[in-house]
Amino acid sequence: MGLSQTFSKILTNLFHKKTSRIGIYGPPNAGKTTLANRIAKEWSTGVEGTVSEIPHETRRALRAENITITGSNGKSITIDIVDTPGVTTKIDYNEFIEYGIERSEAIDRAREATEGVAEAMHWLREDIDGVIYMIDATADPFAQVNIMMVGIIESRHLPVVIAANKTDLPDASPQRIKTAFPQHPVVPISCINGTRVEDLYEEMIRTFR
């Protein structure tokens, strides 16, 4: 390799912007797909997932690639966003029947949701560089799934930002989430109307750079 080629390689490595894979994790119906859609809409032309009140609507991980988010100070990150299926300790097909879905389709959905959770956990072990962990601010932050997932993320030494979503609802209490996980940054947001989402972007840049 000639001197000019060596110099070019050094410059390429020096200024190359690494793309981090950021997974959006959390229980079903915490607002993960709503956030992923908002990020894709505001910062790229990426794919959009389906939002529904029915749990486990997202049953396969969806990825939007090469999204560059720029903060108010001019710093930026380039990331792939991975919208993952809702993680839970139990998936029962009767959950879907309660929403008027036929039994055979409900069983198929439960099977797909189970496979989706296994896939999401595989991604967390093998292919994720950082996590946005979504918690419904009206729900109990000390739920088993939250304690388990934050513990797994910490055991992988992955940077994490906790988004306390649904602050537009009257029972929301982001403070309970801050009390549950004081070791991590917690950003109160409302994905549905965009309240304080800019604060989440700023925290993502600080945490994932």
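Select helix H2 (residues 32-43) together with helix H7 (residues 197-208), which pack at an angle of about 85° with their axes 12 Å apart; because angles of 65 to 115 degrees count as roughly perpendicular, H2 is roughly perpendicular to H7. The model is predicted, so local features need pLDDT of at least 70 and side-chain atom pairs count only at pLDDT 80 or more, while totals for chains, interfaces and linings use all residues. Residues are numbered from 1 along each chain as its sequence is written, and side-chain values use heavy atoms, with hydrogens and water left out.

Next, show the side chains where these helices meet: Leu-35, Arg-38, Ile-39, Glu-42 and Trp-43 of H2, and Val-197, Leu-200, Tyr-201 and Met-204 of H7, contact meaning heavy atoms within 4.5 Å. By class, this contact has 7 nonpolar, no polar and 2 charged residues.

Now move to strand E5 (residues 160-165), where 6 of 6 residues are buried, that is, under 20% relative accessible area with a 1.4 Å probe and protein chains only. Val-160, Ile-162 and Ala-164 point one way from E5, whereas Val-161, Ala-163 and Asn-165 point the other way.

Finally, select strand E6 (residues 186-188), which runs parallel to E5 and is joined to E5 by 3 bridges, with Ala-163 opposite Val-187.

Terms used. Buried means under 20% relative accessible area, exposed over 50%, partly exposed in between (1.4 Å probe, protein chains only). Helices (H or I, at least four residues) and strands (E, at least two) are DSSP runs, numbered from the N terminus. Two strands pair if DSSP finds at least two bridges between them. Axes are lines fitted to C-alpha atoms, for helices over the stretch in contact, and angles run from 0 to 180 degrees between N-to-C directions. Angles under 35 degrees count as roughly parallel, over 145 as roughly antiparallel, 65 to 115 as roughly perpendicular and the rest as oblique. Ala, Val, Leu, Ile, Met, Phe, Trp, Tyr, Cys and Pro count as nonpolar, Asp, Glu, Lys and Arg as charged, and the others, Gly among them, as polar.
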